[in-house]
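This note sets out points for a colleague who is meeting the structure for the first time. Please read it alongside the sequence and the model.

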Amino acid sequence: MILLKKSERYMPEIVRVNGVNCILYQGRYDKFEDRGKKISGNYHYAYYLHHAEFNWDKPVTIERFVLVNRFGMVLAQKELLGDSESCRKVRSFEYLEG
């Protein structure tokens, strides 16, 4: 197990979710809202990613809110959920070079 320094645990990463570029945050909930306000650019949509019960390596659904089995939060360049959707399956997920 690799232990990260506290500052490294909250570093944002660039990812692509279902073909849309996103900024991924993992860590405590209170850190997300503060950092989201500081992001400039075209990342206007916020969603939570949910991981499977026994596989924490990648997200399985995009949701408006996740209480348990939370993989992280993403700020997306485009909408990932329609107005009437509460969740959607993650078809593709990849980390991009920063």
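**Notes on the predicted model**

1. His51 touches Trp56, Lys58, Pro59, Val60, Asn69, Arg70 and Phe71, leaving out residues up to four places away in sequence; a contact here means heavy atoms within 4.5 Å. The residue belongs to strand S3, residues 45-51. Helices (H or I, at least four residues) and strands (E, at least two) are DSSP runs, numbered from the N terminus. With a relative accessible area of 5%, His51 is buried; buried means under 20% relative accessible area, exposed over 50%, and partly exposed in between, with a 1.4 Å probe and protein chains only.

2. On the basis of the values: this is a predicted model, in which local features need pLDDT of at least 70 and side-chain atom pairs count only at pLDDT 80 or more, while totals for chains, interfaces and linings use all residues. Residues are numbered from 1 along each chain as its sequence is written, and side-chain values use heavy atoms, with hydrogens and water left out.

3. Asn69 sits in the loop between strand S4 (59-63) and strand S5 (70-76). Beyond its neighbours within four places in sequence, Asn69 is in contact with Leu49, His50, His51 and Glu53. The side chains of Asn69 and Glu53 are joined by a polar contact of 3.0 Å. Such a contact is a pair of N or O atoms within 3.5 Å; within protein, one must be able to donate a hydrogen and the other to accept it, and residues adjacent in sequence count only if both atoms are side-chain atoms. Between the C-alpha atoms of Asn69 and Pro59, which are 10 residues apart along the chain, the separation is 9.4 Å.

4. Why is S5 described as largely enclosed by the rest of the structure? The reason is that six of its seven residues are buried. S5 pairs in the antiparallel sense with strand S2 (residues 20-25) over four bridges, and Ile23 has Leu75 as its bridge partner in S5. S3 and S5 also pair in the antiparallel sense, over six bridges; here the partner of Leu49 in S5 is Gly72. Two strands pair if DSSP finds at least two bridges between them.

5. The largest nonpolar core has 15 residues, and those with the most contacts inside it are Val17, Cys22, Ile62, Val74, Leu80 and Phe93. Strand S1 (13-17), S2, S3 and S5 each supply at least two residues of this core. A second, separate core of six residues includes Ile23, Tyr48, Val66 and Met73. A nonpolar core is a set of buried Ala, Val, Leu, Ile, Met, Phe, Trp, Tyr and Cys residues joined through side-chain atoms within 4.5 Å.

6. How many salt bridges does the structure hold? There are two, a salt bridge being a side-chain nitrogen of Lys or Arg within 4 Å of a carboxyl oxygen of Asp or Glu. Glu94 pairs with Arg16, the closest N and O atoms being 3.5 Å apart. Because Glu94 lies in strand S7 (residues 93-95) and Arg16 in strand S1, the pair ties together parts that are 78 residues apart in sequence. Glu85 and Arg88 meet in a salt bridge of 2.6 Å, N to O. Glu85 is partly exposed at 25% relative accessible area, and Arg88 is partly exposed at 31%.

7. The disulfide count is zero, a disulfide being a pair of cysteine sulfur atoms within 2.5 Å. Cys22 is buried at 0% relative accessibility, whereas Cys87 is partly exposed at 40%.
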